Amino acid sequence: MAIAEVAPAHARQVPPRRKTAKKKRVLGLGGWILRAGLGVLFLFPIMFMFVSSLKPDQQIFGDLSSIAAFLPIGNISLDNYVAVFDRVPAARFLINSIGISAITVAAGILVNSLAAFALSRMRVRGKAVILTLIIATLIVPFETLALPLVWWVNQLPSLQLTEFGFLFTKGWIDTYQVQIIPFVANAFSIYLFHQYFESIPKELDEAARMDGAGWFRIYRQVVMPLSGPAIATVAILTFLPAWNSYLWPLMVVQTEELRPVMVGVQYFFQLNVSWGQVMAYSTLITLPVVALFIAFQRSFVNSIASSGVKG
Amino acid sequence: MTTTIERPPAVPAPRATRPTRKRDRTSKSEERAGLAMLAPAVLLLALFIFIPAILAFGLAFTNARLISPYPAVFVGVDNFIRLFADASFFRALLNVGYFAVVVVPLQAGLALVMAILVNKNVRGTTFFRTVYFLPVVTSMVVVSLLWLFMYRQDGLINVIIDRVTMGLITGPDWLNDTSTSMPAIILMSVWQGVGFHMIIWLSGLQTIPADLYEAADLDGATAWQRFRYITWPGLSATRSLILVTITIQALSLFTQISVMTQGGPLNSTTTVVYEAVQSGFAQQETGYASAISLVFFVIVLLISVVQRFLSREKA
């Protein structure tokens, strides 16, 4: 907390110093109250969600008027979770989202780092223009492209495995690939890798080339092993939107078996709403991300901070 | 993708002096390898960003439908004429304008206060950073569901209002009242997003050299003076970045609306992206939706150019 130092340095003597020390404590205390107050504001709704997921609906509403709303007490059970798996194909949605996010992250790391490697390390004609064009795409919000993109993916040919062998069909609507491939290449990931690769001394690949290493080998054995932080950043910045994606699958996936977790929320509002179940499903689809966040906190914070260089 | 061109084992002496002829040969293979490495990313970006962007322009002047047996027909500026006569589109523009005008200063300001509160490496600040950041890792869909529940007439927020004011104030039916629906969504959106921008302010704060503050302390500067003359100017780059990103995010408002209000009550929460999705997806009018997207893009572009210009002037 910022502390007011009232007395100028040369005038500092014993009495004024005691005065400032006192002021320091008071302001410090105010700072801690503010911190804690904000903490309650951010933490309590999430606790409310988690705690409510363990209670029957009647008790959720009964507990609202006391602190019990935030405490796992009373009639606690996992009934809501059981009901969630009964009522909607929650397991299927979870598996879909895990698969889609994992493939998008893995493919994104590969494709974007390869491009960044070429742009940072190799002499390719027109690479300045390519880099500028890639950076230019950053100003386009996805929301402005989404609608034309729905129409466009509906025109793309799709290779599908049927009982008659491989078959070309028109349109990517209702597939896994439409939820993955458009999000693999990412201008910001390329930019981040490029920045990071620039900081790795080029003498390292010169030395590897002397030893007869090819470009792909330099990429794989010299540059990538040194790029852990950049890989973590790109992984997190790709994973979060992939897991949270809602607008896109809402439009391009109609078949239940292909749906990701976020679109699954619609199922809970079709008949009579059970809020305990809604909170259970919400907790269920939030838990994987929170677990990853707690485990890789430093990387999360670094990757968000690095998105501060955007622009 | 593995068009690796293995170089012949290098002969030390000529390699060291890099004779030009040898370099020509290697640069050709280098060029080919480089293009091969670039190809997947460039191809995908072309397919899913450049082509849709061009399509947005093209389709906006046609009557294209999402699924239609007939090919799209050029209709000139019909879509735009219809758009500018559309009352709900104007309502959407007004709503996102309102949303952005409140959310941008509120979220940026609160995020800065929080960043300053957790900047010092005192015990416990890591814990608070984590807690403030929790809503950010919670998806907007989940946050919307949670607040949809808390905003009910008999929900948590109204119960708390009732208890705190000892029954003097009865909370409104937040999301079903045209005067409170947008403020309710604003409050929730700030709650969810503010931790993100706190981290960005923090990374900005950490670039300000500590000796500036030490010098200010020696000169007996007050907390406000230190903020006004060191922190605030030191954050100018971060500030313009944060303003631009929050503005664009605010103008793109969609998920909260889709989950919580579907634009209602009486269009009081409809947004530009929500209107585009309604016409382009629900009614399958791709041409009209592209026109909305195009107008939206122009607005976003204009605002970010103006913001950048203004912040550059001041800096």
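**Figure 1. B:Leu266 is exposed in the predicted model, with 10 C-beta neighbours inside 10 Å.** B:Leu266 belongs to the loop between helices H12 and H13 of chain B. Helices (DSSP runs of H or I, at least four residues) and strands (runs of E, at least two) are numbered from the N terminus. The phi angle of B:Leu266 is near 50 degrees, a positive value in a residue other than glycine. Because this is a predicted model, local features are given for pLDDT of at least 70 and side-chain atom pairs for pLDDT 80 or more, whereas totals for chains, interfaces and linings use all residues. Residues are numbered from 1 along each chain as its sequence is written, while chains are lettered from A and ligands numbered from 1 in the order in which they are written.

**Figure 2. The loop between H12 and H13 of chain B also holds B:Gln262 and B:Pro265.** Helix H12, which spans residues 255-260, lies on one side of this loop. B:Gln262 has a phi near 50 degrees, again positive in a residue other than glycine. With 12 other C-beta atoms within 10 Å, B:Gln262 is exposed. The peptide bond leading from B:Gly264 to B:Pro265 is cis, and its omega is near -15 degrees. For comparison, most residues other than glycine have a negative phi, and most peptide bonds are trans.

**Figure 3. Helices H4 and H13 of chain B pack with their axes 8 Å apart.** H4(B) covers residues 87-119, H13(B) covers residues 272-282, and the angle between them is about 145 degrees. Axes are lines fitted to C-alpha atoms, for helices over the stretch in contact, and angles between N-to-C directions run from 0 to 180 degrees. From H4(B), the contact takes B:Ser88, B:Phe89, B:Ala92, B:Leu93 and B:Val96; from H13(B), it takes B:Val272, B:Tyr274 and B:Glu275. Two residues are in contact if their C-beta atoms, placed from the backbone, lie within 7 Å. By class, six residues of this contact are nonpolar, one is polar and one is charged. Nonpolar residues are Ala, Val, Leu, Ile, Met, Phe, Trp, Tyr, Cys and Pro; charged residues are Asp, Glu, Lys and Arg; the others, Gly among them, are polar.

**Figure 4. Helices H8 and H11 of chain A are roughly antiparallel to each other.** The helices concerned, residues 187-198 for H8(A) and 228-244 for H11(A), pack at about 170 degrees with their axes 10 Å apart. Angles over 145 degrees count as roughly antiparallel, under 35 as roughly parallel, 65 to 115 as roughly perpendicular and the rest as oblique. On H8(A), A:Ser189, A:Leu192, A:Phe193 and A:Tyr196 face A:Ala230, A:Thr233, A:Val234, A:Leu237 and A:Thr238 of H11(A) in this contact. Six of the residues in the contact are nonpolar and three are polar, with no charged residue.

**Figure 5. Chain B contacts chain A through 90 residues, which meet 82 residues of chain A.** Helix H2 of chain B (residues 20-59) gives the largest share of the chain B side, 21 residues. The chain B side divides into 61 nonpolar, 19 polar and 10 charged residues. The model scores ipTM 0.84 and pTM 0.85. Over residues 1-19 of chain B, pLDDT stays under 50.

Terms used. A residue is buried if 20 or more other C-beta atoms lie within 10 Å of its own, exposed if 12 or fewer, and partly exposed in between; C-beta atoms are placed from the backbone. pLDDT is the predictor's confidence in each residue, from 0 to 100.
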